Each structure stands twice: as C-alpha cells, then as structure tokens.
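Work through the following exercises with the structure in view, trying each task before reading its solution.

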Number of protein chains: 2
Amino acid sequence: MSKINTAPLSGFMELLPNEQIAFDQMLYSIIETYELFGFRPINTPIIERTKVLLAKGGGDTDKQIYRFKKGSSDLSLRFDLTVPLARYVADKQNNLTFPFKRYAVGKVFRGEKPQAGRFREFYQCDIDVIGNETLDLSFDAEIPAIIVRLLKGLNLDNFTIRINNRKILNGILEECGNLKVSKEVLKALDNLEKEGIQTFKNRLEEILKDKEKVNLLLKFISLRECDESTLFCELKKLQNKSEVLKEGIFELETVVKEMKNLGVDNLYYEIDLSIARGLDYYTGTVYETTLNDFPEIGSICSGGRYDDLTAYYTKKKFPGVGISIGLTRLFDQLNKKGLVDTTQETKTKVLILQLDPKFRKETLVLAKELRERNIATETYSDIKGLKYANDLNIPFAIFIGEEEINSKEYSVKNLKTRQQVKITKGELFEYLSSEI
Amino acid sequence: MSKINTAPLSGFMELLPNEQIAFDQMLYSIIETYELFGFRPINTPIIERTKVLLAKGGGDTDKQIYRFKKGSSDLSLRFDLTVPLARYVADKQNNLTFPFKRYAVGKVFRGEKPQAGRFREFYQCDIDVIGNETLDLSFDAEIPAIIVRLLKGLNLDNFTIRINNRKILNGILEECGNLKVSKEVLKALDNLEKEGIQTFKNRLEEILKDKEKVNLLLKFISLRECDESTLFCELKKLQNKSEVLKEGIFELETVVKEMKNLGVDNLYYEIDLSIARGLDYYTGTVYETTLNDFPEIGSICSGGRYDDLTAYYTKKKFPGVGISIGLTRLFDQLNKKGLVDTTQETKTKVLILQLDPKFRKETLVLAKELRERNIATETYSDIKGLKYANDLNIPFAIFIGEEEINSKEYSVKNLKTRQQVKITKGELFEYLSSEI
C-alpha cells in the first residue's frame, strides 16, 4: 500500500505554502510591472501539436521535449512561451491590435538531465512587443526600463543589464570577409577568454591572412574597455563598407539614448559588445541581466529583437522584441541563499478563539463581520488555536469567552508584540483596520 | 511553409487579451475569497508518476489520461488537483500545520471526446481542509459560506447550493436490508425520475419483499418536498437500527445550523436528499451548486467530505472536505451568454501621444513619472496613437506638441467622455489619480 513514491518527480519544484506565498508574490509583482508598461495577458495551452513546436527544429529542443501520442495526434508540451506566441499571432493576426504588447506567465517543460538548479518544469514570465511588418526601435529601449522596474519590485537592486546589438558583431565580421571566415572568427572569439589574447591574435592571422583585418578585430575587442562615448566614437571609425555595422551602431546608440530619457540609470546597464544570445534567433538588440552579487546564477532575464517571429507559420512578417525571466530557477536560487522572505505562512490576519462551545454563534457571526470588511479570518473552537495561530504567524487573536460576552468587549491580542487590549466591536473594526 | 495548422488544439481554450483579462479577474477574485477564509496556496507539478495518479484507478480516468514515457519513466498529466493534494499531504505531512487549509488553481488535463462545453485542458480552482486523523464538522459548514462569497464576487447572485449527507441515504439503505439489496434499490432510485413513482414502487416490492421497508423508502422519497424543519423531524422518525442514518441526520442538521450562524441566507441553499456525487469517494456532506437561470450549465461548484484523502499513499488517516470549480467551462459558458464583461482590452490608463519627434524626451520623461505613480502608461510616437488608444479602450490620452511644450500645459483627453482639459504637470498627476 505505502509502496508508492510520494515525492515530486526529480526536476520539479514543489513548495511548502509559505514558500508558495513568496513565489506567488514575486509572480504578481512581475505581472504588475508588465501591466504598468501596457502589456496584455495571453495564456496559451500547455499542449501543442509537435509539428508546431518543432517547426524550427535544431538544438536540444528535439531531445528535451515531452512528446506523446493521444489517439492519432502527435502532441508535445511547450518548451517555451515564444513558439506558442508565434502560433498565436499567426492564428489571430486579424483580431489583434498592433503593436501587440503581450505578457505571458506559465509553466514550460524541458526533459533535461536533472542537475543542480535546473528544472524540467518551470515558470517563464515573458513580454514581447510584436509589430505588424515594422516595429519602432523605441520598444528596444523600453525593455531595459521594464527590467529595472521589475527587479526593483523584487527587491533586487544590484544588477547589470548587458546590452548589445547583433548587427555590430555581424558587421565587423562582414568587414573581415566571407561567411566561412566569420564562423572561424566566431569560434576564436568564443575561446578568447579561455586562451588569452596572444593565441587569439595568432588564430586571427591564420584565418584572415590580412594584417589590417586582424587589427580591425583586435581594435574591436579592445573597445570592451571603453566608456560609452568613446566606444561609439571608436566603433564608427571601424565602419567601412558594411551597412550592417552602420545600422547596428545607429540602433545601439539610439536605444541607449532613449533608455536615458526613460530614466534608466547607468548604474544598471552596460554596453557589452560580446554578448550574442545564440546565433540564429536574435537579429538586433540583445539583453542579458545578471545579479552583481551572484554572478553564478547566470543571466536571470534575457532577450532581444528578432526580425520575424512567425516565419514558420505565416508569410506576413511580424518583427518583435522581448525578454523572458525563468522565475522557478530565480526563486530557487534566491531562496537557497536565504534572500526570499518566507515568513508569511498565510494571508489570515485574525484567528477567533472560541473558549466555550456555547459561544459558537458569536464566534461565527464575528468571523462573518470581519470577512465582510475584507479581513481574512479563521475560527478555532478551542484554546489550542493559539498554537495554530503561532505556527502560521497569524498577527491577531480574538478571544471569545464568558468574560468577553458579559462585558461586551473582545480581548484582542497582537501575537507579535504580545500586547492585549479589551475593546468593543465598533472599536475592534477600527483597531484592526488601522493595524493591518 | 504555411501548411502548419496554427489553431489551438480542439478542446483547448485560447482567448484574446480582453477575454483573458476577464478570465484572470475571475481567477483572482476566487483566490481572494479563498484567502479571506484562511486558505493557503500550493502549486503541484503538472506531470506526475502514472502510478500516483492511477493508484485509485477505476472510472474513465485510465482512458482519458494523457500518459507517456520519458526515458524509463511512466508519466502522466494530472487530471485533477485532488490526487496531487493527496500525494502532497502524504509526502509533507510532517511539515504541515493541521487543519491544513489549502487552495490550488491550475490546469488539469482530460483527453475526453471533444464536445460542446467540454475541455481537455481546463482550470480547476480547489479548496480543501485536511485534518490530521480528525476534522471538525464546522469546516463542512464553512464551505457553503465560501461558495456564497465567491459567487457574489463573480457577480453571480442567483444560485442554489444543494447540500446533503451521504450517510443519510446509506443509513436508509441499511434500514432496508443487506448490501445486495442496496445496489438494486439504488438502481431503482436512479430510474425514479424517468420511470415514475408507480414503477418505482413495484420495483421496491420486488426487491424488498417487505411492505414496511417499501413504505420507509417511499416516505424517504416524499421528504424531498418538505421544508427544512419538517424534513429533519420526519427523517428522525425513519431512523431505527441504523447508526449511520442517525449520524447522517446529526451531521446534516449541525452543518445547516452552523451555516445559518455564518450568515448563509436560505435563499442560497437547499437540502436535497437525492444528491450523492459519485458513490465511492465522498463519505459525508456533499455539495452541488447550480445557477438558477442556467440549469443547463450543470453544477459549477461541487465537492464534499471524505474520510481518508491519502488512503493510497500513507497509513495515517487524513479526512478532508473540499470543493472544486471548473473555471474554464464556467467562463466559457458565461462568456457565450454575454455575461462576462470583456470590454477591458488593457490595464493601460494613459497613452501619451508625441506629436513631433523633437518632443521625444518630454514624452519619455512624462511616461516615467506616471509609471512611478503606478499609472499604467504607454507612449506613441505619432497621432496614429489615437486609433490605438481607441481600439484598446485606453481611458486617457495626453498630447505633447509645440503648443503644450510652450505653454507648459498638457492637453489631456478623456477618451470616453471626449472631454479635453489643459493642465500643468502638477495638476495632471492629481487629475489622473482622482479620475482613474
């Protein structure tokens, strides 16, 4: 009988109620920020046709996906919220107002090998702005402003948003030569930190066989150290034939200028010409966000601009820009570091303790009256309720016994301060409303 | 390329943003009510071991379940929130405070044949109170009080909660004879409405072969017509040997008395001795709730008391009482009847229209200042924004052009009343705060 394993599956987060309250609070706070910037909710199914999810294919997606047959249908669980958004926009394009600013929060599934801090079921909290054929660059600037507000709302204040534009690296590579060369240069770039600048230089000479181009790339790499104004100035000097490079510089400069107008303090962001966020998806602005005190968590909020969201589903072009937060992992990491306040065990504010069965009616009537005033209330039919209230950190206890009924005054105890007062019903409502 | 079907799967609800806002509002309202009565959140995984979900087995569950293999694991999607609760309580019993009042809202999955009003993926919104070995009857009375508050919160005011106690019918059957006889009597009862009272009487005579018992059952059936006080009085007269019947009457009477103290108006409930809610699960109080104007929707909120939640997972006994609302179906039905307000397209309160590119900075700074005051704001870089604002029912538009900048006064238009005012920044914040 008791042979069934009752633990949740490995890689699936399952919280106690106090942790769940803290998790939900983070989730609501994120939604609040998204709505403050005009994003509108959608909620797509967990299950999709496999054909839809794997239309793009490639990467680890095929291996990680939870895929199954039901009847003759080939179905899978969504592995992100972006592919379902693409299907949604393709499907409902005639019923949507563009620019379509949508948020989505929900569980996604990836059957990865379980490892520390990795989840197979996790919440993503996404926003995307989708344009109909075109999308103003100003939305690229709004994203960092949202991230700042969002993280401050989660009481995270020490973070860096790294921002770049994919066209800059693409443009530099274009200045250097053909596509085959680009791939080898990218590989060399990837190994730069590991192998050091001298090896990198040797590699480049081998690949490019052109001193000028090697110098261009070395100069580009050295820009990482520059401050913002020098960086743009020097970047422009590198531009020669590549229109892509020119565009990239213009876009990044515009976005940064708009960010400043939107009040994004330069404490919170950094131009980082090295970030790319995958080579085949993003086409313009890209973002990564790290907590400065906990770099080991990695990027907690990433995204970027893409040219065509719905390429696999419809001929019309829908460019977009967006970000995603993996909330399950973020919560888990912060919780393990003791950075999440999990002391709230319940939303209940008052526990009414009925000291004698004969006062049942008075107890229930008072509970009703408190709830009518939107004060979350529970009742307990004996003094053991005091332990219950303490276990759940309920802030107030009201005692109803012989003495209270006779004097028509309630004993109200603040369970934190241990202070107790005796007050009439009229005073009680006022007292609780002001204290809660 | 465009061969991929982008419609959501049949049986899966997918809403436009305005409908989603209305849906989410219902969901939040339900959660608010649950928290007001002291329920605490849990959120279990969508995926469970098949062994856990099918521990009980029987019914249509096996056929309807979404089941698949991942590696060597036999997994399934949860088909309700009760079985995962049972696993959760069994697993975490030493870390929970009892009585454990928990709520859960989330998607569940049943691969039913698609038919009107049936969903394969749908939200359940559940509460249960779980006791450790015992659970006070008072929680059975709290449930209808919660249902009343909850439905009023959803602007549904014309409904009936039907309440019964399974022990009463069980007790009557006990008075009638052995278990085999009971099954046949239940079958006859099931056909009563279809076949009429005379056929029913003939059947009973065949089965029971005892005039007195036949009369007992006929008397019991006739009680359906009685008012509350007569009903309890007459029910007690039927009780002879069966302790179960005695218990059932006592429980139902106690629950109804407590409900009255909790302020449950008798407009909203009805004792209905015929409801059973499935024969093998509930063991005491049972509830069904119907909308009086729309009986065709069926029960929108049902549940009851069960003796042992975790029978399949642990030896310890955890009795409970709870209800479940199938929100997806309820929303869908109300929406189709035009009873859901879906006019809110966005939470955005203000759209700032920048009439000239040179006022970009002023536009973005004002947007920032409004958001800092928690006023959901969007910006639009030309006059076409007015169409956007109208399409999304955004209540206010602020114009920033030459005139506004020169006079240091903003033009603010209430897009509902078409009224326009010119006010300073200081006045603007006051005006919007009071109008929103």
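**Exercise 1. Find the residue of S4(A) that is the bridge partner of Arg67(A), and then describe the sheet around this pair.**

Solution. In this predicted model, the bridge partner of Arg67(A) in S4(A) is Ser76(A). The next step is to look at the strands themselves: S3(A) and strand S4 of chain A, residues 73–77, pair in the antiparallel sense over 4 bridges. Widening the view, one finds an open sheet of 3 strands in chain A, with the order S2-S4-S3 and antiparallel pairing. Its edge strands, each pairing on one side only, are S2 (47–49) and S3 (67–70) of chain A, and neighbouring strands of this sheet are turned by 40° against each other on average, with direction ignored.

**Exercise 2. Give the strand order of the open sheet of 8 strands in chain A, and state which helix packs on the sheet.**

Solution. The order is S1-S5-S6-S11-S10-S9-S7-S8, and the pairing is mixed. At the edges, pairing on one side only, stand strand S1 (40–41) and strand S8 (269–271) of chain A. Within the sheet, strand S5 (residues 100–109) and strand S6 (residues 121–130) of chain A run antiparallel and are joined by 10 bridges, with Phe100(A) opposite Ile130(A) in S6(A). Helix H5 of chain A, residues 138–153, packs on this sheet, where the strands it touches include S5, S6 and S11 of chain A, and its direction makes about 20° with that of S11(A).

**Exercise 3. Decide whether the aromatic pair of Phe159(A) and Tyr268(A) is stacked or edge-to-face, and whether its residues are buried or exposed.**

Solution. The ring centres are 4.6 Å apart and the planes 10° apart; since planes under 30 degrees apart count as stacked, the pair is stacked. Phe159(A) lies in strand S7 of chain A and Tyr268(A) in the loop between helix H11 (243–261) and S8 of chain A, so the pair ties together parts 109 residues apart in sequence. Phe159(A) is buried at a relative accessible area of 1%, and Tyr268(A), at 8%, is buried as well.

**Exercise 4. Determine which rotation superposes chain B on chain A, and which residue of chain B comes closest to the axis.**

Solution. A rotation of 180° with 0.0 Å of shift along its axis superposes chain B on chain A, with an RMSD of 0.1 Å, and that is the relation of a two-fold axis. Phe68(B) comes closest to this axis among the residues of chain B, its C-alpha lying at 2.8 Å. Phe68(B) also belongs to one aromatic cluster with Tyr66(A), Phe68(A) and Tyr66(B). Finally, 99% of the interface residues of chain B are also interface residues in chain A, so the copies meet through the same surface.

Conventions
Residues numbered from 1 in each chain as written. Chains lettered and ligands numbered in written order. Predicted model: local features only at pLDDT ≥ 70, side-chain atom pairs only at ≥ 80, totals over all residues. Heavy atoms only, no water. Least-squares fit on C-alpha atoms with pLDDT ≥ 70 in both. Contact = heavy atoms within 4.5 Å. Pairing = 2+ DSSP bridges. Helix = DSSP H or I, 4+ residues; strand = E, 2+ residues; numbered from the N terminus. Axes fitted to C-alpha atoms, helices over the stretch in contact; angles between N-to-C directions. Phe/Tyr/Trp six-rings, centres within 6.5 Å; stacked < 30°, edge-to-face > 60°. Buried < 20%, exposed > 50% of the residue type's maximum accessible area, 1.4 Å probe, protein only.
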